Amino acid sequence: MSFSDYLDDFIKQRDQRPQSTASRQPFRRQPAPSVQDETNQSKAREAMAREQEVASERATEETKQPHTRIHGRCMTAQELYALDQQKVEAIPVSQSRLDYIQQLKKDLKLKKNSES
């Protein structure tokens, strides 16, 4: 079957089809319902937006509070108090522990020198 035969068959089939395409009405988009059920994604989006608003308000309040600079970071009085609460009392150093560590260092040096 040559290409010209194929085209002839195609044209015949097209002519035999009913001419309903001309009388067809154009597609009309149906209006979306005004009230839609909330999805989990939309609920999460709204929750994120609310949290961002709260964070923004908190940030504006915090910038107006007096700050103290510690280790290159500005901290409010509340943050300083929390930092003080987190501090752990240092354990006093025992001399026997220091002697033991010094002995381990010496042993390690001797071991390195003997291997090379």
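**Salt bridges and a nonpolar patch**

Asp84 is partly exposed, at 47% relative accessible area (buried is under 20%, exposed over 50%, and partly exposed in between, with a 1.4 Å probe and protein chains only). Keep in mind that this is a predicted model, where local features need pLDDT of at least 70 and side-chain atom pairs count only at pLDDT 80 or more, while totals for chains, interfaces and linings use all residues. Residues are numbered from 1 along each chain as its sequence is written, and side-chain values use heavy atoms, with hydrogens and water left out.

So what does Asp84 pair with? Asp84 makes a salt bridge with Lys87, and their closest N and O atoms are 4.0 Å apart (the term means a side-chain nitrogen of Lys or Arg within 4 Å of a carboxyl oxygen of Asp or Glu). Lys87 itself counts as exposed, at 60% relative accessibility.

The structure has two salt bridges. Arg73 and Glu79 form one of them through their side chains, at 3.5 Å from N to O. Here Arg73 is partly exposed at 43%, and Glu79 is partly exposed at 28%.

Now look towards the start of the chain. Met1, Phe3, Tyr6, Leu7, Phe10 and Ile11 make a nonpolar surface patch of about 670 Å². Patches take residues with over 30% relative accessible area and no salt bridge, joining like charges within 9 Å and nonpolar side chains (Val, Leu, Ile, Met, Phe, Trp, Tyr) within 5 Å; the areas come from the Shrake-Rupley method with a 1.4 Å probe, and for residues only the protein chains shown count as cover. Leu7, one of the patch residues, is partly exposed with a relative accessible area of 34%. Leu7 sits in helix α1, residues 3–16 (helices are DSSP runs of H or I with at least four residues, numbered from the N terminus).

Note on methods. Helix = DSSP H or I, 4+ residues; strand = E, 2+ residues; numbered from the N terminus.
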